[in-house]
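The entries follow the order in which I looked things up.

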Amino acid sequence: MNDIDQNQAAQPQGLVLVIDDDPVFNRVLTRALTQRGHAVASARSVEEAAVLIAETRTARAVLDLNIAGTSGLTLIAPLLDANPDCRIVVLTGYASIATAVEAIKLGATHYLAKPTDVDAILAAFEATAPQADFTPPSQPLSVDRRRAWLHRQLRLRRLKVSMS
């Protein structure tokens, strides 16, 4: 058994696969999910994700819409083929109703605009029905503002951990 399988076996909710090409966001989200007791694997490319999908039984996936210029939506079918019960949350910094509808039609459970937080992602996993409504933010954050938001989230997580 490899480390992922051992962690997965110990976790009743199964493995969470984080697929996002932004190294900071990927690392922060992976760490936050791990701190909340989830078994987590991460990929920063479609190719890395394909290997992990083939090697593990992913119960939940956080999937970026745009992975280094490739549509993350192409990974929905392989995720569902590997585990038809997989809960998939699609994240994007380029939110639109058209892509939200497409993601849900392909089998995603939920679609969230970045920036978002771990609580919103976990709530999306627990949603009992696929998301029927989506309203994109009126003014999405710029890349610089999103990175600043991620940095603040990381610092807040560290403060919470040290205060516990």
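I began with strand β3, residues 58-64, in this predicted model. Seven of its seven residues are buried, so I regard β3 as largely enclosed by the rest of the structure.

I then looked up the partners of β3. Strand β1 (residues 15-19) pairs with β3 in the parallel sense over five bridges, and I found Ile-19 opposite Leu-63 in β3. Strand β6 (residues 87-92) also runs parallel to β3, joined by five bridges. Here Ala-61 stands opposite Ile-88, and Arg-60 stands opposite Arg-87.

Next I traced the whole sheet. It is open and consists of five strands with parallel pairing, in the order β2-β1-β3-β6-β7. I noted β2 (39-43) and β7 (110-113) at the edges; each has a single partner strand, so one side of each lacks a neighbour in the sheet. The twist from one strand to the next averages 20 degrees.

I turned to the helices on the sheet. Helix α2 (residues 23-35) lies across β1, β2, β3 and β6 and runs at about 170 degrees to β2. Helix α3 packs on the sheet as well, where it touches β1 and β2, and its direction makes about 145 degrees with that of β2.

Finally, I asked which residues of α3 (residues 46-55) are buried. They are Val-46, Ala-49, Leu-52 and Ile-53. These residues cover an arc of only 125 degrees around the axis, which puts them on the same side of α3. On the face turned away from that buried side I recorded the exposed residues Glu-47, Ala-54 and Glu-55.

Conventions:
Residues numbered from 1 in each chain as written. Predicted model: local features only at pLDDT ≥ 70, side-chain atom pairs only at ≥ 80, totals over all residues. Heavy atoms only, no water. Buried < 20%, exposed > 50% of the residue type's maximum accessible area, 1.4 Å probe, protein only. Helix = DSSP H or I, 4+ residues; strand = E, 2+ residues; numbered from the N terminus. Pairing = 2+ DSSP bridges. Arc of directions from axis to C-beta. Axes fitted to C-alpha atoms, helices over the stretch in contact; angles between N-to-C directions. Contact = heavy atoms within 4.5 Å.
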